Amino acid sequence: MHARPADPKKLIKGATGDWEVVIGMEIHAQVTSNSKLFSGASTEFGGEPNSHVSLVDAAMPGMLPVINEECVKQAVRTGLGLKAQINNRSVFDRKNYFYPDLPQGYQISQYKSPIVGEGVVLVDTADGQIEVGIERLHLEQDAGKSIHDQHPTLSLVDLNRSGVALMEIVSKPDLRSSEEAKAYVTKLRTILRYLGTCDGDMEKGSLRADVNVSVRKPGEDFGTRCEIKNVNSIRFIGQAIETEARRQIGIIEDGGTIDQETRLFDPNRGETRSMRSKEEAHDYRYFPDPDLLPLEFDDAFVAGLAAHLPELPDEKKARFVADYGLSAYDADVLVAEKETAAYYEEVARGRDAKAAANFVINELFGRLNKEGRDIASSPVSAAQIGAIVDLIADGTISGKIAKDLFEIVFTEGGDPRALVEERGMKQVTDTGAIEAAVDAIIAANPDKVAQVQAKPTMLGWFVGQVMKQTGGKANPQAVNDLLKGKLGI
């Protein structure tokens, strides 16, 4: 990966000059599977505490882990989606540490030999596209959850999450601003959702980020990094990076040095706090798990999975630009969610694809955002939007009437064509009726007629008057043509 030159727009101003922030991410994505990584217990979210726990998850003596093949497939699919190296042989290791919600006293993870190696994610930002390198993706089991607020003197442990499969996706330190970091997580989440390998639901903890932040003077070596653990929303990721970068700059400018450590971000106080000094790999005493053989599969296994991958966001975007003539920006908006892209394609089928995109993005998305709804809960179907786009295309209604019609369909439902008939919403294309209105307005405003002949840009005033007189239903093109003819412009 070539080194990126520092972008002056992304530098942070300090007392002693400009600083560049360098960010790497470790994303923990919960694998979409019915059962856990090494046991048959359910992975369902929100069950009664300790109701989805097998003897393996509770680390009962003599229990042996058995690898879940579906989780392996999901990791390979994700690797393929990240255009990454798939390793046909990988090894599960024990990462030893002692914590109440880790009943085994170790986490089964992958250390030196992960299932997926280097890959790349293309991220669109306000300043153009950047490439973010992927270092590796490995499988590991999640820990349980300690709960501290249910009893005055005791902490309680819920092991439902214990043993749930996670993919840890580690990026290279290629990000240079909080905006880039947020765009990267958003893109990665979109890819995972398209693949169906993680639902990306950050509120339920299915996607969590550890954010590594360091600062340096542009062009210098990397500074000492601090890791901010378990940030659970894209907005907080941005805030945590800004806060931590400024904290580090302040320390260095005051003559201090940065300690490599693990920190937590407190969104309420807008600060990061030290948790513990950073452990090194040897502190975890990694060694291959003696209960699990190395994980091996052949190229045919990978090829079989590759053959059934869905069309991914980058490919879909390129197709929308090429086949539908959309702008890169509109295509981006439409492919951000798989469901949105499918909805749009249904509207565009056999119609003017650009007109369909404009209506879906501006009218439908605008309205859904206002109501905080997603495309799945849209009260307007793709067929209904298609009918409105057709009514505009064949001149039955104007763009302005279409907005009113959309509002009726959104709140009350109904067939757009029938509504236009029932409620008399057709635009007037009968030139006789329009001509009468045009003549009346010209006759009533001789002073304006003289002005418009001297300054043709004033035509808009006349158009407005005619539209007002016809209740906004006159065909604007017909009005323009008639006015130009009668005024001799």
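Colleague: Let's start in the strands. Which residue of β11 stands opposite M25?

Modeller: That would be V211. Keep in mind that this is a predicted model. The contact belongs to the pairing of β2 with β11, where 10 bridges join the two and they run antiparallel.

Colleague: What makes β2 and β11 a pair of strands?

Modeller: Pairing needs at least two bridges, and β2 and β11 have 10 bridges. So the pair passes the cut-off of at least two bridges.

Colleague: Why is β11 described as largely enclosed by the rest of the structure?

Modeller: Buried means under 20% relative accessible area. In β11 (residues 207-216), 10 of the 10 residues are buried, so the strand is largely enclosed by the rest of the structure.

Colleague: Which way do its side chains point?

Modeller: L207, A209, V211, V213 and V215 point one way from β11, while R208, D210, N212, S214 and R216 point the other way; all are buried. In a regular strand, side chains alternate between the two faces of the sheet.

Colleague: There's another sheet, with the order β5-β4-β15. What puts β5 and β15 at its edges?

Modeller: It's an open sheet of 3 strands with antiparallel pairing. β5 (106-109) and β15 (287-288) each have a single partner strand, so one side of each is left without a neighbour in the sheet.

Colleague: How many bridges hold β4 and β15 together as a pair?

Modeller: Strand β4 (residues 93-96) and β15 pair over 2 bridges. The rule asks for at least two, so they count as paired. In one of those strands, β15, P288 is the bridge partner of D93.

Colleague: What makes E244 and R263 a salt bridge?

Modeller: Their closest N and O atoms are 3.4 Å apart, and the limit is 4 Å, so the pair counts. E244 is in helix α3 (residues 234-253) and R263 in strand β13 (residues 261-266), 19 residues apart. Both residues are buried.

Colleague: Why is R319 called partly exposed?

Modeller: R319 has a relative accessible area of 23%. Buried is under 20% and exposed is over 50%, so a value in between is partly exposed. E311 is partly exposed as well, at 26%. R319 and E311 form a salt bridge, with closest N and O atoms 2.8 Å apart.

Colleague: How many salt bridges does the rule give?

Modeller: The count comes to 43.

Colleague: Now the rings. Why is the pair of Y324 and Y344 called edge-to-face?

Modeller: There are 12 aromatic pairs in the structure. In this one, the ring centres are 5.5 Å apart and the planes stand at 90°, so the pair is edge-to-face. The cut-off for that name is over 60 degrees. Y324 is in helix α5 (residues 313-324) and Y344 in helix α7 (residues 338-348), 20 residues apart. Y324 is partly exposed at 21%, whereas Y344 is buried at 0%.

Colleague: What makes the pair of F406 and F410 tilted?

Modeller: Their planes are 55° apart, with 5.7 Å centre to centre. Stacked needs under 30 degrees and edge-to-face over 60, so this angle falls under tilted. Both lie in helix α10 (residues 399-412), 4 residues apart, about one turn of the helix. F406 is buried at 2%, and F410 is buried at 6%.

Colleague: Last one: how do you know that K217 sits over the ring of W19?

Modeller: The charged end of K217 is 4.7 Å from the ring centre. The distance limit is 6 Å, and the charge must also be within 35 degrees of the ring normal. K448 lies over the face of W461, at 4.9 Å from the ring centre.

Methods:
Residues are numbered from 1 along each chain as its sequence is written. This is a predicted model: local features need pLDDT of at least 70, side-chain atom pairs count only at pLDDT 80 or more; totals for chains, interfaces and linings use all residues. Side-chain values use heavy atoms; hydrogens and water are left out. Buried means under 20% relative accessible area, exposed over 50%, partly exposed in between (1.4 Å probe, protein chains only). A salt bridge is a side-chain nitrogen of Lys or Arg within 4 Å of a carboxyl oxygen of Asp or Glu. Rings of Phe, Tyr and Trp (its six-membered ring) pair if their centres lie within 6.5 Å; planes under 30 degrees apart count as stacked, over 60 as edge-to-face and the rest as tilted.
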